[in-house]
Amino acid sequence: MAWDEWEQLKNQAAQNQSARMQLNQLPADGGGGSTPQGDLTVDQKDLAAIGDRAFKLWEDLGRYGRDAWSSSQTAASDLKTQGFTLGGAVDRVQSRWEEQLTSLLDACAHISNHMDFTKKAHQGDEYYIGGQISSISTLDKGFDGGKGH
């Protein structure tokens with residue numbers, strides 16, 4: 001790309017600064033308009049599905065990602081042994097691959113574990129709320145039954 005072309009693109013981008021995107025916020029005038037507002041809802045099935053997919057991704061990455069790592073490690077070693085400078089570069093790529101793979105595996109495990117925890121926590125909340133509501137309905141029956149007293 002020529003330097004003039006780069007400068008032209010920078011100028012165009014600067015001129016378009018006023019046309020920015022607004023995400024997750026009301027317009028600047030503060031009016032909500034007729035945009036419907038709602039609550040985020042999730043059920044046990046959704047949480048389980050997210051956790052299961054994260055666990056499956058973790059398994060597959062662990063299995064296939066490590067295979068790629070092992071092959072690169074072998075290739076790097078062979079190239080170095082044969083005196084090719086490329087062996088060092090492949091070794092560096094392999095090392096970076098391992099760092100990124102480990103980071104991604106950790107993230108998948110965290111998501112899976114968090115979904116399991118969240119599912120159990122919300123299940124406990126449901127039991128508690130259900131117990132509280134049933135207690136209230138028992139009290140209501142007592143008051144309804146006391147009309148004749």
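User: How many salt bridges does a search of the whole structure find?
Analyst: The search finds five salt bridges, where a salt bridge is a side-chain nitrogen of Lys or Arg within 4 Å of a carboxyl oxygen of Asp or Glu. This is a predicted model, in which local features need pLDDT of at least 70 and side-chain atom pairs count only at pLDDT 80 or more, while totals for chains, interfaces and linings use all residues. Residues are numbered from 1 along each chain as its sequence is written, and side-chain values use heavy atoms, with hydrogens and water left out.
User: OK, which residue forms a salt bridge with R66?
Analyst: That partner is E98, and the closest N and O atoms of the pair are 2.8 Å apart. E98 lies in helix 3 (residues 86-145) and R66 in helix 2, so the pair ties together parts that are 32 residues apart in sequence. Helices here are DSSP runs (H or I, at least four residues), as are strands (E, at least two), numbered from the N terminus.
User: And how accessible is R66?
Analyst: R66 has 32% relative accessibility and counts as partly exposed, which means that it falls between buried (under 20% relative accessible area) and exposed (over 50%), using a 1.4 Å probe and protein chains only.
User: Switching topic, what do the side chains of R63 and D60 do?
Analyst: They meet in a salt bridge at 3.3 Å, N to O. Because R63 and D60 are three residues apart in helix 2 (residues 44-81), about one helical turn separates them.
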